[in-house]
Amino acid sequence: IAGDEISNSFMENVALTINEMFIVNVNTDTLLQQTLLTNLYQYKTVIPVFYGENWTIERESSLDAIGGENSVCDIIMEGVPDPVMEVVEHILHHLTDIGLHYTYPADWGLTSSSRLYNVTQEAISLGYYDVAQYSDIPETGVRNRVILQEYAYWIIYTAWDLRENYGPAQSEWSIIIGNELQSKLPESYALFQETIPSVMTRPSHETLNLF
């Protein structure tokens, strides 16, 4: 959802990216994929799109209004650096926080008992995932959700081998490619491999290059 300041082409390319994430191929479990999509609809998952990084009171009130009746996990911004990462990351936040959380609760649940939680703690303890920047989030529940949300994104984005081509060069996550993820954090890679190909697919480079 966006206002008139967002270009039609940007909105269309975001839509195309989401569409490609849910194509059906030989790995797809169509019933499980349908469950994930149904969860996104059931919880009224909405991605607000804004232009640029400048934050305003009007933007804050607009976001509050949208979030009052919908599940809003983050936003997408047009016209910012690392546009592919910007788009894919914030699509994935919604797909993991709502879609995977309710479709694979034991695996991807934003809880302290899920596989996601366990592999996140392992990545932190081994020094691959630095969560120091989240320490200023005062509410413990919110802070823990954000840490899990970000790590879920990093697992998928890295396993899809998107970071090397599309950035970012520097971040709280030190692993760059899927083979490195598999060798250094095999449990994180197994979480991806045993679940994601059944319901989602990496968008094509042709589509991502449109950004």
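What radius of gyration does the protein chain have, and what value would a compact globule with 211 residues have?

**View 1. The whole protein chain and its overall dimensions.** In this predicted model, local features need pLDDT of at least 70 and side-chain atom pairs count only at pLDDT 80 or more, whereas totals for chains, interfaces and linings use all residues. Residues are numbered from 1 along each chain as its sequence is written, and side-chain values use heavy atoms, with hydrogens and water left out. The radius of gyration of the protein chain is 17 Å, which agrees with the value near 17 Å for a compact globule with 211 residues; the radius is taken over C-alpha atoms, and the globule rule is 2.2 Å times the number of residues to the power 0.38. Along its principal axes, the C-alpha trace spans about 45 × 45 × 35 Å.

**View 2. The helices and strands of the protein chain.** The secondary structure comprises 12 helices and two strands, where helices (H or I, at least four residues) and strands (E, at least two) are DSSP runs numbered from the N terminus. Read along the sequence, these elements follow the pattern α-α-β-α-β-α-α-α-α-α-α-α-α-α. If one takes the contacts (heavy atoms within 4.5 Å) between residues at least 6 apart in sequence, 68% of them join residues at least 24 apart.

View 3. Of the 211 residues of the protein chain, 49% count as buried, and buried here means under 20% relative accessible area, while exposed means over 50% and partly exposed lies in between (1.4 Å probe, protein chains only). A nonpolar core is a set of buried Ala, Val, Leu, Ile, Met, Phe, Trp, Tyr and Cys residues joined through side-chain atoms within 4.5 Å. The largest such core holds 54 residues, and among these Trp108 and Met200 touch the most other members. Helices that each supply at least two residues of this core include α1 (8-21), α2 (30-42), α4 (83-103) and α7 (140-159), and the largest share, 11 residues, comes from α7. Apart from this core lies another one of five residues, among them Phe50, Leu63, Met77 and Val80. In soluble globular proteins, nonpolar side chains tend to be buried together.

**View 4. Trp108 and helix α10.** Leaving aside neighbours within four places in sequence, Trp108 is in contact with Leu100, His101, Leu116, Ala152, Ile155, Ile156, Leu191, Phe192, Thr195 and Ile196. Two of these contacts, Leu191 and Phe192, are also among the buried residues of α10, which include Ser188, Tyr189 and Ala190 as well. The buried residues of α10 pack against α5 (105-108), α6, α7, α9 (178-184) and α11.

**View 5. Leu36 and Asn39 in helix α2.** Leu36 lies in helix α2, and Asn39 has its place in helix α2 as well. Leu36 counts as buried because its relative accessibility is 0%, and Asn39 counts as buried because its relative accessibility is 9%. Not counting residues up to four places away in sequence, Leu36 touches Phe22, Gly99, Leu100, Thr103 and Val199, whereas Asn39, with neighbours within four places likewise left aside, is in contact with Ile98, Gly99, Tyr102 and Thr103. Although Leu36 and Gly99 are 63 residues apart in sequence, they are 5.0 Å apart in space, C-alpha to C-alpha.

View 6. A cis peptide bond, with omega about 5 degrees, joins Gly167 and Pro168, and Pro168 has its place in the loop between α8 (163-166) and α9. Asp82, which is found in the loop between β2 (76-78) and α4, has a positive phi of about 50 degrees although it is not a glycine. Asp161, whose place is in the loop between α7 and α8, has a positive phi of about 55 degrees although it is not a glycine. Asp82 counts as partly exposed because its relative accessibility is 33%, and Asp161 counts as partly exposed because its relative accessibility is 33%.

**View 7. Asp4 in the segment before α1.** Asp4 lies in the segment before α1 and is exposed, with a relative accessible area of 81%. Asp4 and Trp108 are 104 residues apart in sequence and 35 Å apart in space, C-alpha to C-alpha.
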